[in-house]
Amino acid sequence: MSKIAIVILNWNGKDLLEKFLPSVIEFSKGADIYVADNASTDRSVPFIKENFPTIKIVQNTENGGYAKGYNDALKHVKADIYCLLNSDVEVTPDWLLPIENEFNRNPEVAILQPKILDYNQKHLFEYAGAAGGFMDQLGYPFCRGRIFQEIEQDTGQYNDLKEIFWASGACFFIRSEVFHKFQGFDEDYFAHQEEIDLCWRAKNHGYKVFYIGTSQVYHVGGSTLDSMNPNKTMYNFRNSLFSILKNLPLKKSLLLIFLRLLLDGIAGLNYIFQGKFSHCWAIFRAHLSFYQNFSRMLKKRERANFTTNYFITKSIVWAHYVYHVKNFNVLVKY
């Protein structure tokens, strides 16, 4: 049986740890539980030592964000499978069993995600991960169970085992050997979409990413940067361009980047019309940072079997806003 290590990245999240660690401890028998602390200043570490003495602590020397935080911490964690779990996730009884069984049963599985539901509205899928991540042909990521702001109710329609494009960083299982083979997350991302990049790199080398709906967790979401934060807008726009440049055939990636820059400009104008000037400025900052890091990202392109045949639809934007598609099972027609 595979050894699982659950690693929770924390930065000044004492209140979240107090609220959500008990469920992780109660329902994760047999797994080692770690808190990787990103140089918190809110007494998170003393709190864990005093109240949860069985929790192992890895103390990072700086707040390097999600990517560097996990890269640094996982150098000190020995396990067959890493579970990278957000500090605002409530787990459920027997949540690990289907995941452990699938890793043991299927050696092709490199990365896996459970069903992620909304902690505050438990009948709904959660925005950040839902029932697994996919990508359209323009490089826009989206989730099964959530298309833009349209969130599906969980009626058991995704209680399946399905190969997906990317797994959510909110609850991200990965074989340790795969994580270290690809040197973990790209630290230049800092936060947001680094899990998509890692999944993309793994898929380009023939590894598979799966979703398993018989395991479920509840995620609060937005605890670090909520959807109205311009910094989140900047990271998402910039990091998406990073991934396209790194992970597609070069001619394809350059053409797609040109199209995306035009579409990003339209998105910026839309933010202006909505009066969200800080988000328009965030897109400008995203592009500036992308230009500044272009040669750096170009050098990170791997000699892999680049492929484009795993995109699920031509344009998620077109399907949703023109054809009013709100459901993944309808989306596949477009």
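Ser240 sits in helix α7, residues 230-247. Helices here are DSSP runs of H or I with at least four residues, strands are runs of E with at least two, and both are numbered from the N terminus. This is a predicted model: local features need pLDDT of at least 70, side-chain atom pairs count only at pLDDT 80 or more, and totals for chains, interfaces and linings use all residues. Residues are numbered from 1 along each chain as its sequence is written, and side-chain values use heavy atoms, with hydrogens and water left out.

**Ser240**
- Ser240 counts as buried because its relative accessibility is 3%. Buried means under 20% relative accessible area, exposed means over 50%, and partly exposed lies in between (1.4 Å probe, protein chains only).
- A polar atom of the Ser240 side chain lies 3.5 Å from the backbone oxygen of Gly139.
- Ser240 touches Gly139, Gln193, Tyr235 and Arg260, leaving out residues up to four places away in sequence. Contact means heavy atoms within 4.5 Å.

**Nonpolar cores**
- The largest nonpolar core has 66 residues. Such a core is a set of buried Ala, Val, Leu, Ile, Met, Phe, Trp, Tyr and Cys residues joined through side-chain atoms within 4.5 Å.
- Tyr82, Leu84, Ile111, Phe172 and Phe185 have the most contacts inside this core.
- Helix α6 (residues 194-204) supplies the largest share of this core, five residues.
- A second, separate core has 31 residues, including Val89, Ile116, Phe210 and Val217.
- Ile111 is in contact with Ala167, Phe172, Phe173, Ile174, Cys199, Ala202, Lys208, Val209 and Phe210, setting aside neighbours within four places in sequence.

**Helices α1 and α2**
- The axes of α1 (residues 14-26) and α2 (residues 44-51) come within 9 Å and cross at roughly 25°. Axes are lines fitted to C-alpha atoms, for helices over the stretch in contact, with angles from 0 to 180 degrees between N-to-C directions.
- That angle makes α1 roughly parallel to α2. Under 35 degrees counts as roughly parallel, over 145 as roughly antiparallel, 65 to 115 as roughly perpendicular, and the rest as oblique.
- In α1, Lys14, Leu17 and Glu18 meet Ser44, Phe47 and Ile48 of α2.

**Ser87**
- Ser87 lies in the loop between β4 (81-85) and β5 (89-91).
- Ser87 is buried, at 13% relative accessible area.
- Ser87 touches Ile8, Leu9, Leu16, Leu17 and Phe20, not counting residues up to four places away in sequence.
- Ser87 and Phe20 are 67 residues apart in sequence, yet 6.9 Å apart in space, C-alpha to C-alpha.

Conventions
A polar contact is a pair of N or O atoms within 3.5 Å; within protein, one must be able to donate a hydrogen and the other to accept it, and residues adjacent in sequence count only if both atoms are side-chain atoms.
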